[in-house]
Amino acid sequence: MLSSMELQSLLRRIDHKGYPAYKDTRGSYDFRGFVLSIDHVQGDPFASPSKVSVHIKGAQAGFPKEYYKKRHCRIALQDLLLRHFAREIEKVSHKAGGSGKSGLMAVSRPRQEILERSACQITPDNGNLTVRFEVGFPANGRTINARELEKILFDFLPKCVSFSLYYKALDEKEVQRCVWLAEDQQYIREQLAVQGLTAFVANGAILPRESGVSGRPMKGAVVFASPASMEVELALPHHGPLRGMGIKKGVTLIVGGGYHGKSTLLKALEAGVYNHIAGDGREYVITDGTAVKLRAEDGRSIKKTDISMFINHLPNKKDTVHFYTEDASGSTSQAAAVVEAMEAGAKAFLIDEDTSATNFMIRDELMQRVVNRESEPITPFTHRIRQLYEVYGISTILVAGSCGSYFEKADCVLQMKQYMPYEITEFAKEEARVFAGEQGGAPAEEALAAAEPDVLRVIKPDKSFNDARFKIKTGGLDTITLGREPLDVRYLEQLCDTEQLNYLGTLIKYMQCHVFDGKKTLQQAVETVERLIADKGIGAVCEGSYLPCHLAEVRAQELFAAINRYRKLAL
Ligand code: ADP
Ligand code: MG
């Protein structure tokens, strides 16, 4: 390692030279208190900015061990430090200038969710801290302006580091609150299993968001309060007793008039697989971590998926045990989504009628009489929902505002009225009984064969991923481009951060190059990378000489879902 003085004299030597001379700055420099590492130098001032990292020894960063030993605490602390660092960096970005991206300083900006990110990492055994970010190395035209880089690295950066990354520089109470919240959230997650719950929504939670494009809480929203019959009290280790609505395992319906807050509740539950920051309004809304939002997605590709529990005897005699299509219909896409989520280990399904295929969800009595069973290939979800729970232990939370067919299947019926939840299970069940009587008794339900979808699909590697020129690009929350092939993930509604798309791309590339072998099933392949990441961290699947700074963790469920949508997947 060189000293910071050596970097300074190097910068003075290359000042006014052609831009490529910046490449010589690659390396690590001791800045006393931290090590600056220049990991990658951009090719010209207009290219993607240079990659830089700051490394601080645990003893110097000074955070108490109990704040980073456990995974959930460490991730919360990393997230807090990153937010502080980002605030400092923002103040000085572009304070140094020049052409193109000269003077830019940028680091991940986490939103409401707390995620493991490559941008800020603490090593659990020694507390060593690394922060990764980008700097646009300054130039005038293509001529190095090293004086400006000197300002950035020797003046701005040390200040940003010292104001945000050392325990002594931060408000102790704030750090403690952050870690304590993570412990409380983890406690709720563990209690879900203990108490037989799929989700918990605390009294006092704010569920709606400011707007369709903002994750921030709505101001002046109706505050959530549990119906008395569903209220549970949890004894959080730091917060103390917290009451809220416990949604039991099984089948839960959310009903209510239009615009009364049904979808908003479901969205909060979808997001509850992640922890949220204090002040989000959903910090105590916690959902089973394997829960998957299911929806219709016509046009997607489906590869060798066994959708026969829902769809059989298609007119063109298409095989639905090994179903393939490049252009799914609403119902086939939703059927595939159910089976794929089972393959991905989901223990809860979240479904909103707003985004479902009607013919997949229901077939009413009258339609059944007019179009007889033989000419209808679909066994609707109503017929499988109980089996999914009783045989596979998969709960469903379903928003159904317009159709009564699910009442008899439900263990719990929740009505949203003016944004407040009411439990109406008894009433709804009684009405359903009376209604069935008026119709001449409930229709005899056909006995259904046990649903045993074959989920043991073996994946072959796609050689194009090995190409040295292979690139991964992402576009917002919508697409990951793998080489030349776009992968559409816009309907994976539980992806919340563009950095997760970067990581999905990285994971898929790694799996294509190193894991898929034509022998492992998709489940085994995902388990292999999950184990690797659990052992060696988020960077374990990254190749190249340095860890990229824009990666955020994804759940196995999203990894399965993304792979399943890859149109060139080889089986
Ligand atoms: P539904 O699915 O029942 O038709 P939504 O959940 O889409 O209704 O909610 C309708 C509107 O009400 C949305 O604009 C949403 O932001 C707003 N909203 C939802 N919950 C609340 C609440 N607790 N307080 C205030 N406004 C809310
Ligand atoms: Mg709705």
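How are helix 12 and helix 14 oriented to each other? The model is a predicted one, in which local features need pLDDT of at least 70 and side-chain atom pairs count only at pLDDT 80 or more, while totals for chains, interfaces and linings use all residues. Residues are numbered from 1 along each chain as its sequence is written, ligands are numbered from 1 in the order in which they are written, and side-chain values use heavy atoms, with hydrogens and water left out.

Helix 12 (residues 498-515) and helix 14 (residues 556-565) pack with their axes 10 Å apart and at an angle of about 70°, and they are therefore roughly perpendicular to each other (65 to 115 degrees). Helices here are DSSP runs of H or I with at least four residues, and axes are lines fitted to C-alpha atoms over the stretch in contact, with angles from 0 to 180 degrees between N-to-C directions. In a second pair, the axes of helix 1 (residues 4-14) and helix 4 (residues 146-164) come within 9 Å and cross at roughly 160°, so that helix 1 and helix 4 are roughly antiparallel (over 145 degrees).

Around ligand 1 there are 13 residues, of which Val222, Tyr259, Lys262, Ser263 and Thr264 come nearest (a residue is near if one of its heavy atoms lies within 4 Å).

Methods: Helix = DSSP H or I, 4+ residues; strand = E, 2+ residues; numbered from the N terminus. Parallel < 35°, antiparallel > 145°, perpendicular 65-115°, else oblique.
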